[in-house]
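Morning, everyone. Please have a look at the model on the screen, and then I'll walk you through it.

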Amino acid sequence: IKYITDQGGKAILFSHLGRIKTEEDKEKLSLRPVAEHLADLLNKKVTFVPATRGEQLEKAIAEMEDGDVLVVENTRFEDLDGKKESGNDPELGKYWASLGDVFVNDAFGTAHRSHASNVGIASNMKQAAAGFLLEKEIKFLGEAVDNPVHPFVAILGGAKVSDKIGVIEHLLDKADKIIVGGGMTYTFYAAKGIKIGNSLVEEDKIELAKELLEKAGDKIVLPVDNVCAPEFNNDAPAKVFEGDIPDGYMALDIGPKSVELFKSVLKDAKTVVWNGPMGVFEMDAFAQGTKDVAQAVADSGATSIVGGGDSISALKKTGLSDKITHISTGGGATLEFLEGKVLPGIAALADK
């Protein structure tokens with residue numbers, strides 16, 4: 001934004017906030033507070049227009065001077081009447097494109113979605129470009145996946161195998177090791193015949209986990225011990241079990257031996273991609289594994305890329321954010337990029 005205004009450009013800003021399904025959502029999810037905060041950050045006047053189309057918006061844009069900044073109301077307000085934004089309504093994309101001369105897309109977080117405000121505008125513009133953040137994301141994630149410096153280690157956590165299947169399959173050919181933690185571990189345990197007690201499991205994915213393990217050989221590294229408790233509660237009495245998890249207990253974090261194992265894998269890594277926590281890190285009693293892995297990534301000296309909301313929250317908790325090479329701003333977009341999928345928001349810019 002500063003770059004555009006410093007060059008004498010007029011910055012017309014589009015963004016969305018939350019999901020809009022009712023009129024009440026509109027009251028709660030206006031971009032007005034965002035525009036006000038932006039004015040503080042830029043230390044200059046920012047015009048907010050409480051409309052997504054029409055005379056008021058067009059007049060405000062016509063009155064802009066060089067270097068001005070204007071924020072348009074939440075693009076998803078257009079979803080209330082037939083999902084025009086998230087359904088990429090052709091008329092809406094065309095209309096929004098008519099309001100400016102050049103389109104800069106800097107929203108990596110929505111690049112995996114085909115919306116009117118990214119794909120719609122880009123496809124109706126003569127000139128479109130990636131912003132600096134989008135460029136940085138493509139550079140770091142692209143290099144990590146397509147041209148990593150080896151040894152390349154991927155760390156995948158989070159609750160569900162189903163969310164990460166595509167990533168595991170895509171990275172099996174590229175990574176030297178894939179460390180698995182978090183709730184998805186226990187579907188792999190079940191596939192190996194290790195007892196999981198009351199731990200999280202996706203019954204319908206056990207066969208697939210078995211196939212992935214067979215295909216991966218020793219590439220997939222699973223935890224060897226787990227911090228377990230009788231219930232999902234920060235104050236529940238926790239115990240560490242190696243191997244089998246007894247009935248009546250659920251695994252909520254990786255144990256100290258797993259941390260040592262993961263550290264040894266990360267020690268020589270030159271590229272590390274991390275997505276998803278190692279346990280229920282929101283509860284202090286089960287946050288240690290995620291903290292220790294964050295520390296190991298920071299200490300590895302590798303080019304490190306962390307993506308996904310939970311991993312980033314965990315990093316902030318540990319205060320290690322500044323030791324990571326690149327913190328990705330995408331959730332679903334980062335995952336789809338790591339799966340090797342084409343992201344429509346980026347593809348729409350490619351021929352411009």
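**Rings and a helix**

Start with Lys 139, which lies over the face of Phe 140, at 4.5 Å from the ring centre. By that I mean NZ of Lys or CZ of Arg within 6 Å of the ring centre and within 35 degrees of the ring normal.

A word on the source. This is a predicted model, where local features need pLDDT of at least 70, side-chain atom pairs count only at pLDDT 80 or more, and totals for chains, interfaces and linings use all residues. Residues are numbered from 1 along each chain as its sequence is written, and side-chain values use heavy atoms, with hydrogens and water left out.

Now, how many aromatic pairs does the structure hold? It holds 5. Rings of Phe, Tyr and Trp (its six-membered ring) pair if their centres lie within 6.5 Å; planes under 30 degrees apart count as stacked, over 60 as edge-to-face, the rest as tilted. One of the pairs is Tyr 3 with Phe 132: centres 5.3 Å apart, planes at 85°, so edge-to-face. Tyr 3 sits in helix α1 and Phe 132 in helix α7, so this pair ties together parts 129 residues apart in sequence. Helices here are DSSP runs (H or I, at least four residues), numbered from the N terminus.

Next, Tyr 186 and Tyr 189. Their ring centres are 5.5 Å apart and their planes at 85°, so this pair is edge-to-face. They are 3 residues apart in helix α9, about one helical turn. Buried or exposed? Tyr 186 and Tyr 189 are buried, meaning under 20% relative accessible area, with exposed over 50% and partly exposed in between (1.4 Å probe, protein chains only).

How values were computed
Helix = DSSP H or I, 4+ residues; strand = E, 2+ residues; numbered from the N terminus.
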